[in-house]
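User: Could you take a close look at one part of this model for me? I'd like to hear about its charged contacts.

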Amino acid sequence: LAKALVARISDSIWNFKASPSSNLETLSSRILPIYDQRDAITKLLATKLKRLIALISHKPFREKPALTGGSLETIRDEPGTPEMMEFYQANYKIRYLPIDWKRWEEESAALEQISEVCRKQNIPLLLVAMPLSVGNKQLLPQNFTDKHRAMLRAQTDTKSRKNPSEVVLLDLFDSKQFELDDYMDSVHLRSSGGMKLAKLIEDQVEKTGWFAKK
C-alpha cells in the first residue's frame, strides 16, 4: 500500500506519458483537498500569528471557544437536479473518455499488490464496487465495464491460490437498491444513498464472520 501511494504522489507535476485529462484529474486530486480546507488553514495561521503577537507584547492569549452545533447545516443534501445531473455527466464524459487503459492497468496492479499484502498478513479486505447512476453507467464503454469487473472478481478468486483468500468483493455496480434521488450528482451519493451503502457494507461484513466472537 505504501509503495502504491508513494508512486502515486511522487510523479512529476505533469506526466507527459499520460493523457491531458489524466494529468488534470491528478492535479485536481492534489490541490482540491488543500482548497477544501482553506478555511481551516487560514484559521490555523491566524491563530499562530495572534499567539506570536501576544508573546511579543507580553499579553495573555485567549483562544475563542470552538463553535458547537449547526456545523452540518451548511452541507447541501438535496437530490441532484436534472440540470446538475446533465452538467456532471458532461463533465465526467470529458474526464472518463477515452479510457486511459495505461492508468487503469497501473491502478489495477496497485490493487493487486494491496490484496496480496492482505492475504499474506491474514488481513481481511472488503472491496466495494460502488453503485453508479444509470446515466453515469451509460458513459462507460461495455468492454471497460466487463474488464474492470472481471479484474475485481479475480481479486477474490481462490481456485488458483494455495491459501484461502481474505479478500471479499461487494459488487454494487448493478444494485437495484439505489434510486436517482439517492445521488447528489450523477456519481456521488447523498445521505439516503450513503445510509443504504453503509447498511450493505455492514451486512456483508457480518456475513463474512470476520468479527464474530470466538
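User: Which residue forms a salt bridge with Asp182, and how far apart are the closest N and O atoms?

Analyst: Quick caveat: this is a predicted model, so local features need pLDDT of at least 70, side-chain atom pairs count only at pLDDT 80 or more, and totals for chains, interfaces and linings use all residues. Residues are numbered from 1 along each chain as its sequence is written, and side-chain values use heavy atoms, with hydrogens and water left out.

Asp182 pairs with Lys196, the closest N and O atoms being 2.7 Å apart. A salt bridge here is a side-chain nitrogen of Lys or Arg within 4 Å of a carboxyl oxygen of Asp or Glu. Asp182 sits in the loop between β2 and α8 and Lys196 in helix α8, so the bridge ties together parts 14 residues apart in sequence. (Helices are DSSP runs of H or I, at least four residues, and strands runs of E, at least two, numbered from the N terminus.) Asp182 is buried at 4% relative accessible area, while Lys196 is partly exposed at 26%. Buried means under 20%, exposed over 50%, and partly exposed in between, using a 1.4 Å probe and protein chains only.

At 39% relative accessibility, Asp174 is partly exposed.
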